[in-house]
Amino acid sequence: MASGRIVVYGGRGALGAACVNHFKKANYWVASVDLNPNDSADVNITVPKDASWVQQEEYVVNELGAALQGQKVNAVICVAGGWAGGNAAKDLSKQAELMWRQSVWSSTIAATVAAKYLSPGGLIALTGAKAALEGTPGMIGYGLAKGAVHQLTQSLGSKDSGLPENSLAVAILPVTLDTEMNRKWMPKADFGSWTPLTFVAELFGKWLKGEERPPSGSLVALVTKDNITDLIVQ
């Protein structure tokens, strides 16, 4: 019998795949929501890329409802996203739209999924960015989208947010995650200051079990130095 049920939004990306693997090893039923399937998941909901925001939400909600067959989930973990640089002088709206689609669309759809299918006391975790706590002139579209995710998290953690009773809404705010792609693009960086994907997956696992939970609505920065990661709750 499964330990519980988890939805990983962005389950094919580096962090999402690490989360899927972590929860599968812990004997959870895992649904992956992404543009591409993750073969390790129990259920894959492949989001139609060219659909509108509303259409994507309807599709994910309906497909997940069919897969759950009246059951609830213990956590909705949204680690979908991306990165784009650029300031106001070139392609600002283009970059901002891309970032909005990748981070804000996915986060709001995850919130709707949580409102419909999360168990009371369950976890919804979103992904912000520590950099977006202040100005991001070299990556304005990215900062704009992540700032919106921060606001969404704070709203979800407030009274009358529409989430089930005693839910924990939280956003992780990484600095740099230790992914294969980041190592490829930044081969000379200090990897000891990058946060391991396994640390993040294990952190979600702790919160899921009710261990060391921050207050709902918290923004939790992940600051790694000399291979040790500290949590700084905003």
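Residues 24 or more positions apart provide 64% of the chain's contacts with a separation of 6 or more, a contact being heavy atoms within 4.5 Å. The model is predicted: local features need pLDDT of at least 70 and side-chain atom pairs pLDDT 80 or more, whereas totals for chains, interfaces and linings use all residues. Residues are numbered from 1 along each chain as its sequence is written, and side-chain values use heavy atoms, leaving out hydrogens and water.

The chain contains 6 helices and 10 strands, which are DSSP runs numbered from the N terminus (helices H or I, at least four residues; strands E, at least two). Its radius of gyration is 17 Å, close to the 17 Å from the globule rule for 234 residues, so the chain is as compact as a globular protein of that length. This radius is taken over C-alpha atoms, and the rule is 2.2 Å times the number of residues to the power 0.38.

Of the 234 residues, 47% are buried; buried means under 20% relative accessible area, exposed over 50%, and partly exposed in between (1.4 Å probe, protein chains only).

The structure holds 0 disulfides, a disulfide being a pair of cysteine sulfur atoms within 2.5 Å. Two cysteines are listed below.

| Residue | Relative accessibility | State |
|---|---|---|
| Cys-19 | 0% | buried |
| Cys-78 | 0% | buried |

The sulfur of Cys-78 lies 11 Å from its closest cysteine sulfur, in Cys-19, which is too far for a bond.

Met-181 belongs to helix H5 (residues 180-185) and is partly exposed, with a relative accessible area of 48%.
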